[in-house]
Amino acid sequence: MDVPRIVVAAPSSGAGKTTVATGLMAALAARGLAVSPHKAGPDYIDPGYHALATGRPGRNLDAFLCGPERIAPLLLHGAAGADIAVVEGVMGLFDGAAGHGELASTAHVAKLLRAPVVLVVDASAQSRSVAALVHGFASWDPEVRLGGVVLNRVASDRHEELLREALEEGSGVPVLGAVRRSGAVATPSRHLGLVPAAERDAEAVRAVRDMGALVAAGVDLDAVLALARSAPPLPDAPWDPAAETAAAGGPVAGRPRIALAGGAAFSFSYAENAELLAAAGAEVVPVDPLRDEALPEGTAGLVVGGGFPEVYAAELSANAPLRRAVAALAASGAPVAAECAGLLYLARSLDGMPMCGVLDAEARMGGRLVLGYREAVALGDGPLAEAGARVRGHEFHRTVCTPAAGPSPAWGWRTRSGPSTEGFAGPSVHASYLHLHWAGVPGAALRLARHAAARPAHGPG
């Protein structure tokens, strides 16, 4: 299948690849092109800005969470009907999952996609040395095709001239553009990185528009398109949630209604998770715990993903009617799946403010960032996995839940100091800090839908 595509990478984090990638998406979309946005790695925040830039769901391509064999199919699924796919990389070009070599690195994703790479270089503190840096990245792995460079944070016309001369003389990699320093596109950050687009509304729209204008002014978009069109056809078939469900023995009958938490407090969710639930036979309906005082009529299951409930703890606590409804749903035996932010919401309290009380646990902000991939095993049967099931997930939080695990922990894994357990699991409730991409967990969505189909629907309130 032929989809023009590029991967936007950088030598390290902080070089500006999010600005350039999002700006490219916005600039190409402004030309009338259908742009399919993607993000290498597990990050939820960048895809929110990508979605604003393109009008299409931002999607993740994570070879650790989903398996290398699914990366090209997932891109083709997301890029259906698109004129070009733009993939923003993660960290530095060759930085992968710790202890796993190149696995899940931007370079690994680019090779799986047979896609040319655009390297974004922070040129703010260098001139001729840029050629040595680019030459090193271009020659490190001959299977990675470095198709062009975008010079970022260029100070002046003279600075750009020096950079271009050095690269023409010593790197052999074409310069696709030079982006000037600009404070107009700065995106505010807090304890877990950029503030999600879902929380910024009109401000985020303006920021994306400004990124597009900045990139359009400094980058040769025709050259970028030509590079993307030079990618060879992919032999893979697009990923298909209906086929995945059929292979696992689904879908279920009866269209059980499963509520999916969203809004500003719960903005972290992979698009494929909802698609898999729908393919499994469920009717997926949104609920915003900041605004809605009741679960949707007929709710038979609930999924509460990641986000920033710690930022909205007072507002979530003030919505007592919905907290009571969630507790009643869990008590009825309907399946409830919660990860990270959802775990905090189901606890008795968050930073001293009452939450849903489904879990016998207290949550609070902590001082230490917990970050990394995990290889875990389910320690009991629950609505997402059967005992013994092995999964790959990702943790990313600064909060602390006490206790860290219930009498029936959700997951177990090995750490450097020995075995560890985490989360809370039971016949109907599964709550954990571990983020899962359900495309990499065959049968999880169908299992949840089956649990929902077996339960009576929950009324309003």
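In the predicted model, the axes of helix H1 (residues 17–30) and helix H2 (residues 45–54) come within 8 Å and cross at roughly 20 degrees. Because angles under 35 degrees count as roughly parallel, H1 and H2 are described as roughly parallel to each other, and H1 passes H2 in a right-handed crossing. The contact between these helices involves Thr-18, Thr-22, Met-25, Ala-26 and Ala-29 on the side of H1, which meet Asp-46, Tyr-49, His-50, Ala-53 and Thr-54 in H2. Helix H2 also packs against helix H8 (residues 202–218), and here the axes come within 9 Å and cross at roughly 75 degrees; H2 and H8 are therefore roughly perpendicular to each other. In this second contact, Tyr-49, Leu-52 and Ala-53 in H2 meet Ala-204, Val-205 and Val-208 in H8.

Aromatic side chains were examined next, and the count comes to 7 aromatic pairs. In one of these, the rings of Phe-94 and Phe-137 have their centres 5.8 Å apart and their planes at 20 degrees, so the pair is classed as stacked. The pair links distant parts of the chain, since Phe-94 belongs to the loop between strand E4 (84–88) and helix H5 (106–113), whereas Phe-137 belongs to helix H6 (residues 129–140), 43 residues apart. Phe-94 is partly exposed, with a relative accessible area of 24%. The rings of Phe-268 and Phe-308, by contrast, have their centres 5.4 Å apart and their planes at 75 degrees, so this pair is edge-to-face. The two residues are 40 residues apart, with Phe-268 in the loop between strand E10 (257–261) and helix H11 (271–279) and Phe-308 in the loop between strand E12 (299–304) and helix H12 (313–318). Both Phe-268 and Phe-308 are buried, and together with Tyr-44 and Tyr-270 they form one aromatic cluster. A charged group also lies over an aromatic ring, as the charged end of Arg-392 sits over the ring of Phe-64, 4.3 Å from its centre.

Helix H5 is largely enclosed by the rest of the structure, because 6 of its 8 residues are buried, namely Thr-106, Ala-107, His-108, Val-109, Ala-110 and Leu-113. Most residues other than glycine have a negative phi, and most peptide bonds are trans. Against this background, Ala-104, in the loop between E4 and H5, has a positive phi of about 70 degrees although it is not a glycine, and Ala-104 is buried, with a relative accessible area of 3%. Arg-114, which follows H5 and lies in the loop between H5 and strand E5 (117–122), likewise has a positive phi, of about 50 degrees, but Arg-114 is partly exposed, with a relative accessible area of 46%.

Cis peptide bonds are found at two prolines: one joins Gly-250 and Pro-251, with omega about 5 degrees, and another runs from Thr-402 to Pro-403, with omega near 0 degrees. Pro-251 lies in the loop between helix H10 (241–247) and E10, while Pro-403 is found in the loop between strand E17 (390–402) and strand E18 (411–415).

Finally, Ala-347, in the loop between helix H14 (341–346) and strand E14 (349–350), is buried, with a relative accessible area of 0%. When residues up to four places away in sequence are not counted, Ala-347 touches Met-355, Cys-356, Gly-357, Leu-359 and Ala-361. Ala-347 and Gly-101 are 246 residues apart in sequence and 37 Å apart in space, C-alpha to C-alpha.

Key:
Residues are numbered from 1 along each chain as its sequence is written. This is a predicted model: local features need pLDDT of at least 70, side-chain atom pairs count only at pLDDT 80 or more; totals for chains, interfaces and linings use all residues. Side-chain values use heavy atoms; hydrogens and water are left out. Rings of Phe, Tyr and Trp (its six-membered ring) pair if their centres lie within 6.5 Å; planes under 30 degrees apart count as stacked, over 60 as edge-to-face and the rest as tilted. Helices (H or I, at least four residues) and strands (E, at least two) are DSSP runs, numbered from the N terminus. Buried means under 20% relative accessible area, exposed over 50%, partly exposed in between (1.4 Å probe, protein chains only). A charge sits over a ring if NZ of Lys or CZ of Arg is within 6 Å of the ring centre and within 35 degrees of the ring normal. Axes are lines fitted to C-alpha atoms, for helices over the stretch in contact, and angles run from 0 to 180 degrees between N-to-C directions. Angles under 35 degrees count as roughly parallel, over 145 as roughly antiparallel, 65 to 115 as roughly perpendicular and the rest as oblique. A crossing is left-handed if the near helix is turned anticlockwise from the far one by less than a right angle, and right-handed if clockwise. Contact means heavy atoms within 4.5 Å.
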